[in-house]
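Hello,

Here is the structure I said I would pass on. My notes on it follow below.

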Amino acid sequence: MKNVVKIGWKYVVLFAWFLLSIVLFEHFLYKGNTDMTKEISKASLPVVSVRYDGHDLNKMFGYTEDIDFSLIRDGITPLSEDRNISFRVYKKENNISKIEFELRSVDESRFIESDEVSDLTLTTDYIDAQIAFKDLILDKTEYMLKIIISTVSGRKIDYYARIVKDDDLGFEDKVDYVYYFSECTFDKERAADELVKYLESNKSGDNTNFHHVNINSSLDQVTWGKLNPSVTSKVVCTVEEIDSKSAKMKLEYVVQAGVDDIKQYSVVEEYILSDA
């Protein structure tokens with residue numbers, strides 16, 4: 001009987017030490033950290049987007065140090081026929097004193113032109129701007145555009161974009177098609193009439209989740225199933241590739257969706273190949 005009691009107390013002591021070790025571990029782990037959660041800081045630099053027909057294209061983020069432009073491959077912006085480009089500067093609470101630009105060859109070996117941007121429309125949250133380039137730009141040739149934003153505090157922030165002058169790209173039709181296709185996915189009746197002709201639904205399409213939806217998925221899957229989502233952010237387009245025959249574009253936006261009254265926010269990326 002004594003052996004049984006001794007064995008019982010042995011396990012009680014071991015269990016007590018186990019609990020004590022957990023308490024001590026949590027004490028030292030969280031010592032001085034009464035709140036381990038931290039709110040993600042908001043963007044501190046202005047954000048620049050090309051503007052087309054009320055849409056944001058090819059979003060640009062700022063750099064406060066010199067960078068190798070060859071590393072910037074996000075987005076190419078076709079110029080209008082009159083060599084103009086419109087863009088919007090989201091100030092993010094920065095006080096902006098001046099906006100300038102430089103235009104160079106893609107390899108940065110040839111300087112084309114530079115100037116201060118004077119065609120500005122000011123609002124509380126953003127600045128709309130437009131640049132009219134001179135006739136020094138060659139057709140069907142890519143260039144590097146550098147936008148320099150100066151703040152009242154004397155800070156200079158650089159933004160980079162690739163531009164091209166090519167009237168044969170059919171850019172307007174292609175970008176309009178991409179937005180049209182995306183908008184149709186939120187309207188099941190419209191999609192049944194207009195999108196079904198673009199789909200190639202078959203057994204290879206994964207209709208079990210929304211992680212990867214493509215033209216092989218069912219029409220119901222392409223139109224969000226039973227989620228009934230709503231877009232809660234701007235829909236931003238990035239023109240990744242474009243030529244006279246086709247274009248590959250990416251749309252990014254946030255949706256609120258869910259089932260059984262449980263709402264979740266998700267970042268959506270859509271890659272659409274347009275041959276419009």
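**Contacts and overall make-up**

Of the contacts between residues at least 6 apart in sequence, 60% join residues at least 24 apart. Please keep in mind that this is a predicted model. The protein has 276 residues, and 36% of them are buried. Its secondary structure consists of 4 helices and 14 strands.

**Confidence**

The mean pLDDT of the protein is 84, and 83% of the residues reach 70 or more. Residues 1–40 are a stretch to treat separately: the pLDDT there is below 50. Apart from near neighbours in sequence, residues 1–40 have 1 contact in the model. Where pLDDT is low, the predicted coordinates should not be read in detail.

**The cavity**

How many cavities of 30 Å³ or more does a search of the whole structure find? The search finds 1. The largest cavity holds about 30 Å³ of space.

Its lining is made up of N58, K59, M60, D74, G75, T77, Y160, A161 and R162. By residue class, the lining divides into 3 nonpolar, 3 polar and 3 charged residues.

That is what I have for now.

Regards

Technical notes:
Residues are numbered from 1 along each chain as its sequence is written. This is a predicted model: local features need pLDDT of at least 70, side-chain atom pairs count only at pLDDT 80 or more; totals for chains, interfaces and linings use all residues. Side-chain values use heavy atoms; hydrogens and water are left out. On a 1 Å grid over the protein atoms alone, a cavity is a set of points where a 1.4 Å probe fits but cannot get out, and a pocket is an open set with protein on both sides within 12 Å along at least five of seven lines; lining residues have an atom within 4 Å of a point. Grid points are joined across faces, edges and corners, and a volume is the space filled by probe spheres set on the points. Ala, Val, Leu, Ile, Met, Phe, Trp, Tyr, Cys and Pro count as nonpolar, Asp, Glu, Lys and Arg as charged, and the others, Gly among them, as polar. Helices (H or I, at least four residues) and strands (E, at least two) are DSSP runs, numbered from the N terminus. Buried means under 20% relative accessible area, exposed over 50%, partly exposed in between (1.4 Å probe, protein chains only). Contact means heavy atoms within 4.5 Å. pLDDT is the predictor's confidence in each residue, from 0 to 100.
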